Amino acid sequence: MLVRYPNEILETLSAEVLAERLLKFYQEMKQKDGSDYSRAAHKAIRAGINRYLTSETIGKKFSITTDPIFKKANKSYFAKLIKIRENGISNMKDKHAIIQAEDIRKCYESGVFGGDSPVSLLRVNWFNINLFLCRRSQRNQRKLTKNSIVFKKDKNQVEYVELSEEEKTKNHPGSIKDRTAKIFSTGTANCPVQYLKKLINVLHPGEEALFQRPRRFFSPSLETWYDKAPLGVNSLGNMMKEISAAANLSQIYTNDSIKATSVILHDGVGIPVQHMMQLSGQRSETSIKVYCDRQTVQQERQCSDILAAPAATT
């Protein structure tokens with residue numbers, strides 16, 4: 001902020017002068033490469049300046065976030081945040097980076113996703129369920145059971161997977177008929193339906209959880225690949241970070257990156273935003289009132305094929 005006014009000292013500026021400086025500062029603040037900081041960074045910088053000025057050491061009696069004298073400056077600040085959001089630079093983007101198709105393929109090529117071990121089989125099914133069905137929190141995932149997954153066939157005898165009616169009702173209050181996310185068989189080596197079938201076949205029969213703890217001592221010839229214990233909430237919560245590290249991906253993704261990826265892939269081919277809002281279970285007051293037509297089976301399969309494309313090319 002003081003670059004344009006090198007002879008000024010922040011701590012000695014009056015509220016009136018500081019308000020003038022902040023008015024320009026919020027609009028002109030850039031990173032070294034000339035790009036805008038994220039919304040989160042802007043909020044942190046503004047809060048940090050205010051916290052510093054009002055600290056016991058400095059002792060300013062005004063607040064740059066609430067005092068009327070900073071009204072124009074704050075109007076400039078909020079206008080900047082709107083501009084950043086419109087340009088797609090947001091806190092959500094920072095925290096929930098879209099998973100690149102190359103990184104998804106790398107998970108398969110590296111063996112981090114696959115059906116040869118309890119860990120790789122667990123990871124690929126956990127990822128697919130989150131990608132296709134938008135399972136949100138680790139506690140929500142922890143409650144999934146073997147009976148949460150239902151195998152069906154469409155009129156062309158193509159196999160697909162969807163959540164059970166009980167699971168839809170439990171996690172998405174309201175009309176369950178709208179919650180139609182499906183995972184269709186792809187007929188490829190990395191078919192998500194076949195991975196799910198294999199997982200269920202080697203789960204511990206005495207444990208109902210869908211995501212179980214992998215056995216420490218494992219042999220492919222064993223009938224049961226998992227312990228009689230569910231995978232912990234913390235393990236589920238850090239799953240995508242562990243996958244990113246194990247596959248040496250281009251960056252460390254979070255679990256929320258999977259949902260962001262799912263939304264972007266759907267949006268890229270024109271799938272109605274209302275369908276994704278239904279699928280994720282997150283609605284604003286406005287969107288609740290929007291009439292949402294049920295997706296046809298053809299559209300549902302299109303969704304499934306879009307999400308499966310990166311894996312199908314390995």
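Reader: Is H42 buried or exposed in this structure?

Author: A residue counts as buried when its relative accessible area is under 20%. In this predicted model, H42 has a relative accessible area of 1%, so H42 is buried. H42 lies in helix α2, residues 39–53.

Reader: Which residues is H42 in contact with, leaving aside its neighbours within four places in sequence?

Author: Those residues are Y26, M29, Y37, Y77, K80, L81 and I84.

Reader: Thanks! How do I read the packing of two helices, say α1 and α2?

Author: Two packed helices are described by the angle between their axes and the distance between the axes. Here, the axes of α1 (residues 15–28) and α2 come within 13 Å and cross at roughly 165 degrees. Angles over 145 degrees count as roughly antiparallel, and α1 and α2 are therefore roughly antiparallel to each other. Their crossing is right-handed. On the α1 side, L18, F25 and Y26 make the contact, while α2 brings H42, I45, R46, I49 and L53. By class, that contact has six nonpolar residues, one polar and one charged.

Reader: How much of the whole protein counts as buried?

Author: Of its 314 residues, 44% do.

Conventions: Residues numbered from 1 in each chain as written. Predicted model: local features only at pLDDT ≥ 70, side-chain atom pairs only at ≥ 80, totals over all residues. Heavy atoms only, no water. Buried < 20%, exposed > 50% of the residue type's maximum accessible area, 1.4 Å probe, protein only. Helix = DSSP H or I, 4+ residues; strand = E, 2+ residues; numbered from the N terminus. Contact = heavy atoms within 4.5 Å. Axes fitted to C-alpha atoms, helices over the stretch in contact; angles between N-to-C directions. Parallel < 35°, antiparallel > 145°, perpendicular 65-115°, else oblique. Left-handed = near helix turned anticlockwise from the far one by under 90°. Nonpolar A, V, L, I, M, F, W, Y, C, P; charged D, E, K, R; others polar.
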